[in-house]
Amino acid sequence: MRPRMPWAVSLTLSVGVLVTTGLGQTAFQNSSAPTVTSIAHKQAPQFSFILFWKQQDAHTQQFAETLQSAVAKRSERANLTSVDIKDQANRAVVDHYGVNRAPMPLAVCVADNGAVTGVFTRRPNDEAVERALVTSAMAEVTKALQDKKIVVVHVKPTAKSSLPAGAVEFTADPAFRARTKIIDVVISDPNESRFLADMEISPRDVNESMLVIMAPPGVLVGKFSGSTTKVQIVAQLHAAGKCCNDENCKHNQKAQ
Amino acid sequence: MTPNKLIWKELRQRPTAMVTCLLAITLGVTALVAIRSVTLYSECAVAEQMEALGANVLLLPQAASLHDYYSADAHGATLPEEYATQLALANLEGVQKISPKLSVPAELGGRRITLTGILPQSEFEAKAGWQSVQVFSKKHAGCKKQPAMNADARPESENLATGRFVREMRETEVYVGADVAKSAGVTSGDCITLSGLPFVVSGVIPATGTADDGRVFAHLHTVQRLADRGETVNVIEIIACCEDAAGGLVVQLGDMFPDAKVVTITQVVDTQVAVNRLMTRLSYLFFGILLVVGVSSIAGTMFANVTERRREIGTLMALGATPSVISRLFLGKALIIGLAGGLLGYLSGTLLAVGAGPYWAGIAVRPVLSLAAVAVALAGVVALVASYLPARRAALIDPCLCFREV
């Protein structure tokens with residue numbers, strides 16, 4: 001019988017759930033209207049760390065122990081599952097994440113909505129593990145981006161604030177309607193303080209609705225005021241990520 | 001008898017001297033035109049490469065040597081394929097596309113071809129998506145990936161020709177290079193057999209003028225299985241978003257993969273530019289040597305000609321020919337030889353460049369018309385300069401002395 005490492009627990013039902021969740025989310029891609037997710041009062045997401053491994057060597061052992069220790073400190077929010085990629089029984093999960101030819105060991109952090117919120121190819125430190133445990137809004141945004149959707153985050157001063165006209169027009173445009181996801185975040189929501197801080201949005205400065213637009217695979221298109229028109233949003237979207245032509249890019253010669 | 005008739009008669013009566021002078025000039029101009037033609041086209045090819053691949057970086061095995069960007073995978077050394085995934089997961093700034101390649105020899109219809117395994121970009125897109133979460137923490141400093149909003153509508157064969165990648169590829173399909181398609185008579189939709197496995201030709205790649213024209217592209221994992229090469233690749237081509245970012249990537253890649261060699265297109269091109277510069281200097285050196293030989297040959301022949309024709313020169317002068325008419329006779333003869341030598345040299349140099357260019361420099365060379373004017377004008381001037389002193393000597397001959405010799 002093959003010796004097992006202490007951390008190499010067998011696959012649990014959770015992996016099956018993760019795979020199913022991930023696959024299930026792709027169904028949204030075919031819908032014709034933008035989906036709206038309201039984050040207010042949503043419970044903090046749960047996370048599963050999946051450790052993929054191939055060899056039971058010292059490097060894998062250290063990697064697993066470090067990860068296990070970091071996850072154990074956050075057991076109320078996260079759990080750890082290990083997957084031997086050579087085991088045919090794990091074929092479905094390995095194929096789902098496409099890691100059969102990835103450098104091993106490899107760990108991914110998956111939120112309960114199927115979004116991959118962290119990838120670790122080197123021994124994960126405590127800080128990196130903590131950063132992978134994102135807020136509900138961040139998990140929703142990440143999932144939408146991984147589903148190749150444009151994300152319009154509506155940061156609103158109150159729960160009742162309506163989507164600005166420019167964003168309504170943008171999401172109604174046939175060119176963007178089917179692949180846009182709107183995520184509502186109330187500025188005063190304490191659960192989303194990290195998200196707002198990362199986006200450099202201060203609750204004190206927001207008196208009216210604000211839009212943060214992101215495009216796949218992970219491009220911050222920009223932050224817009226509530227009065228921004230659809231034309232301005234589309235123009236910014238097309239200009240985004242044009243690398244050195246972007247005036248924010250350090251390689252842009254004209255900007256220097 | 002007019003001076004022109006005298007010149008033509010003189011050329012016909014002294015064919016050996018004329019051929020010697022003509023040969024000297026022709027050889028010099030041939031060398032100049034051939035080397036300059038190849039160099040000019042090589043410079044154009046380098047400029048095109050820089051335009052198309054300016055921001056590309058190659059990750060090669062340490063043992064690999066690189067002379068031509070397009071043949072970067074034409075060596076036996078390998079890297080682990082997992083390096084490509086590691087790169088995708090690292091989400092380095094400025095990396096737009098990752099294209100690992102493995103090339104093996106194969107046969108198609110009895111002809112030897114290069115079968116190149118490539119991975120479609122879709123294999124890396126999911127991994128790149130895993131880094132979406134970094135959108136929250138990484139502030140805009142360097143190059144960002146372009147938003148993946150519109151699926152590229154171009155055919156995959158064109159993606160391969162111009163962008164050196166494919167978006168999607170099944171394990172049973174192939175894309176065929178222009179030269180292979182032509183020689184094997186293969187078109188899109190055909191079924192072919194490679195190493196005993198059937199494949200469907202999904203497209204013929206438009207001619208690129210590079211080694212890619214002689215390749216058949218298949219899915220990397222299929223090629224690995226066919227060649228029994230395991231999970232390895234010969235090269236990982238990284239398409240960076242701009243040249244500046246590509247430069248910055250070199251350091252990061254060097255740290256990530258210490259057992260691999262990182263080469264930028266600029267480094268490859270620098271080598272080619274150095275070779276071009278050497279060839280240009282060599283062409284001037286050849287021309288200089290042959291110029292000296294040609295000038296000496298023409299001057300010597302002309303001096304001998306003047307000595308031989310002393311009596312005829314004296315007779316012409318006694319009949320009323322002025323010294324300038326005598327000078328014009330010799331200079332006219334030299335000019336005809338020079339112009340003919342320049343033209344012949346241009347033609348032979350161009351033929352040599354067109355025929356040997358693909359072997360010398362691996363590029364297709366076409367006639368450079370502007371060199372024709374340069375070659376003819378230069379040869380004419382050289383012939384005139386070489387004949388100046390003999391013509392002057394002929395013009396100063398005293399007819400009385402000539403008759404006294406008779």
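Colleague: At roughly what angle do the axes of helix α6 (residues 165-172) and helix α8 (residues 230-239) of chain A cross?
Modeller: This is a predicted model: local features need pLDDT of at least 70, side-chain atom pairs count only at pLDDT 80 or more, and totals for chains, interfaces and linings use all residues. Residues are numbered from 1 along each chain as its sequence is written, and chains are lettered from A and ligands numbered from 1 in the order in which they are written. Helices are DSSP runs (H or I, at least four residues; strands are E, at least two), numbered from the N terminus. The axes (lines fitted to C-alpha atoms over the stretch in contact, with angles from 0 to 180 degrees between N-to-C directions) come within 8 Å, and they cross at roughly 60°.

Colleague: Which word describes α6(A) relative to α8(A)?
Modeller: Angles under 35 degrees count as roughly parallel, over 145 as roughly antiparallel, 65 to 115 as roughly perpendicular and the rest as oblique. The crossing is at roughly 60°. That makes α6(A), relative to α8(A), oblique.

Colleague: Which residues of α8(A) does α6(A) meet?
Modeller: Contact requires C-beta atoms, placed from the backbone, within 7 Å. From α6(A) come Gly166(A), Glu169(A) and Phe170(A). In α8(A) they meet Lys230(A), Ile233(A) and Val234(A).

Colleague: Is the crossing of α1(B) and α11(B) left-handed or right-handed?
Modeller: Helix α1 (residues 3-13) and helix α11 (residues 323-360) of chain B have axes within 10 Å that cross at roughly 50°. A crossing is left-handed if the near helix is turned anticlockwise from the far one by less than a right angle, and right-handed if clockwise. That of α1(B) and α11(B) is right-handed.

Colleague: What is the mean pLDDT of chain B?
Modeller: pLDDT is the predictor's confidence in each residue, from 0 to 100. In chain B, 84% of residues reach 70 or more. The mean is 81.

Terms used:
Contact = placed C-beta atoms within 7 Å.
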